[in-house]
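Subject: Handover of a structure for your study

Dear colleague,

Please find the structure below, together with its sequence. I would be grateful if you kept it open while reading the notes that follow.

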Amino acid sequence: VWPPHRESRTREQSPMNGVKTQPSTPMRVGYWLSEKKAKKLNFAGFADRMKRSAGIELVSIDLTKPVEDQPPFDVILHKLSDLMTASDRGDSEASKGVALIEAYVARHPKVVVLDPLPNVRKLLNRSVCYTEIKGICFSVRDVTVCSPHFTTVPIGRSPDDLTELSFPLVCKHLIAHGSREAHQMAIVFNEEGFKEVDFPFVAQQFINHSGLLYKIFVVGKRHFVVKRPSLKNLTLNRHDKSTIFFHSHDVSKADASSELNGIVDPIEDHRQLDDSVASTIAEKFREKLGLSLFGVDVVIEDESNRHCIIDVNFFPGYEGFASFERAVLELLLDQTVRAGKPTNGLSSNGYQNGFNLSGTANGCCLKLHNGVHPPLNGAGSLDDLVSRSMSRSPIPVTGQRSATTVNRTVNLAVNHLASGPVHT
């Protein structure tokens with residue numbers, strides 16, 4: 001369904017329709033996602049909408065044959081993290097698939113890769129990932145953002161150094177992607193508990209956060225925050241100090257109802273992650289990791305109000321990110337421009353110049369507020385687009401504006417019509 005939550009929208013009202021944006025030579029984006037991931041994100045439907053509405057071809061990459069033998073790509077969009085993990089663990093077929101992409105990129109260095117495999121690799125092992133982000137500590141709006149202390153522990157051993165840690169601790173499998181093992185976790189309350197954990201892990205300081213998790217989904221320059229249930233508060237005063245084993249999906253999915261969850265309902269809870277804080281987190285992690293498609297898990301410590309980064313994931317599920325497709329389109333255009341490749345009339349910068357306009361653009365300045373918009377005078381097709389979609393009477397405005405402003409105007413309107421406010 002495009003857009004989400006607007007199931008009755010017709011072909012004519014599609015937010016990427018109304019104004020044609022067909023380039024003369026299509027940009028071709030090769031993508032590789034697991035069958036499960038592609039189905040979950042409805043990538044086949046997305047590819048069709050991109051072709052019809054933006055003139056961009058999304059083509060699934062076949063890793064059973066050389067990528068060189070397939071249509072040439074301007075951009076490669078992927079979630080190869082699972083294959084990379086399998087390859088690292090000795091899976092020969094996975095290794096062949098990863099090698100095919102690496103070989104193609106090596107032969108065609110101008111191809112834009114979202115995201116570069118060396119950067120993705122930083123997130124495959126939690127010890128490497130947590131070490132990478134350990135230095136990201138900053139303050140914004142009187143809020144301290146940091147990552148909890150951790151230590152890496154081999155199977156069957158206790159940590160060599162617990163000086164910066166105190167019980168309880170969360171033990172997370174070293175593998176962060178690619179298998180059910182990645183979601184294996186345990187909570188230990190004493191050193192004896194480490195002996196029960198039968199997988200290699202990082203022991204991370206547990207943070208009491210009243211059972212509320214914030215997920216920051218990042219796509220290029222955009223981000224979106226959703227709330228999820230999480231682990232309830234824990235203390236060392238528990239009568240039963242035996243190790244607790246759990247699967248992270250059982251406690252942090254939107255519909256989770258584990259006995260380990262807090263009593264807080266994320267939907268009913270009115271606490272919010274300040275958007276300026278979320279925006280700064282997204283920006284700093286984007287720069288540090290060199291990634292465009294990732295998610296950051298944040299909890300807020302009850303006593304101190306510290307905002308703690310407890311995990312980072314490559315190309316997450318994006319559940320709840322209402323403008324995901326729009327954000328991916330902007331990312332493709334932006335990265336293509338940065339690489340110095342032609343976009344055939346389409347532009348990055350928030351897709352603001354991506355519409356082919358006819359006629360002049362007079363009196364075109366838009367400010368969306370509670371769904372109210374002024375008219376797009378002098379650009380009838382755009383006026384029709386907004387009027388059809390909003391079903392509201394235009395509010396007259398005056399003044400001269402450029403065609404660029406018209407494009408920016410439509411971009412804002414389209415985002416608003418498609419799925420409501422979008423964080424930028």
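I begin with helix 4, whose buried residues are Ala 94, Gly 97, Val 98, Ile 101 and Tyr 104. They lie on the same side of helix 4, because they cover an arc of only 125° around the axis. That arc is taken from the directions from the helix axis to the C-beta atoms. As background, an α-helix has 3.6 residues a turn, so residues three or four places apart point the same way. "Buried" here means under 20% relative accessible area, "exposed" means over 50%, and "partly exposed" lies in between (1.4 Å probe, protein chains only). Helices (H or I, at least four residues) and strands (E, at least two) are DSSP runs, numbered from the N terminus.

Please note that this is a predicted model, in which local features need pLDDT of at least 70, side-chain atom pairs count only at pLDDT 80 or more, and totals for chains, interfaces and linings use all residues. Residues are numbered from 1 along each chain as its sequence is written, and side-chain values use heavy atoms, with hydrogens and water left out.

More on helix 4

Helix 4 runs over residues 92-107 and has 16 residues. From its first C-alpha to its last it reaches 22 Å, close to the 22 Å expected at 1.5 Å a residue; the expected span is 1.5 Å times one less than the number of residues. What covers the buried residues of helix 4? The cover includes strand 3 (75-78), helix 3 (81-88) and helix 5 (117-121), where contact means heavy atoms within 4.5 Å.

Helix 2

In helix 2 (residues 43-54), the buried residues are Phe 43, Gly 45, Phe 46, Ala 47, Arg 49, Met 50, Ser 53 and Ala 54. They pack against strand 1 (27-32), helix 1 (35-40), strand 2 (56-60), strand 3 and helix 9 (324-338). Just after helix 2, Gly 55 has a positive phi of about 70°.

Leaving aside residues up to four places away in sequence, Arg 126 touches several others, among them Lys 172, His 173, Met 185, Val 202 and Asp 311.

Leu 212 belongs to strand 11 (residues 212-219) and is buried, at 1% relative accessible area. Leu 212 and Lys 232 are 20 residues apart in sequence, and their C-alpha atoms are 8.2 Å apart in space.

Backbone details in the loops

The peptide bond from Leu 114 to Asp 115 is cis, with omega near 5°; Asp 115 sits in the loop between strand 4 (112-114) and helix 5. Another cis peptide bond joins Phe 167 and Pro 168, with omega about 0°, and Pro 168 lies in the loop between strand 7 (150-153) and strand 8 (169-173).

Arg 141, in the loop between strand 5 (138-140) and strand 6 (143-146), has a positive phi near 55° although it is not glycine. Arg 141 counts as exposed, at 59% relative accessibility. Asn 305, in the loop between strand 14 (293-300) and strand 15 (307-314), has a positive phi near 70° and counts as partly exposed, at 39%.

The chain as a whole

The chain holds 11 helices and 15 strands, and 53% of its 424 residues count as buried. The mean pLDDT is 77, and 71% of the residues reach 70 or more; pLDDT is the predictor's confidence in each residue, from 0 to 100. Over residues 1-23 the pLDDT is below 50, and it stays under 50 over residues 347-424. Where pLDDT is low, the predicted coordinates should not be read in detail.

Yours sincerely
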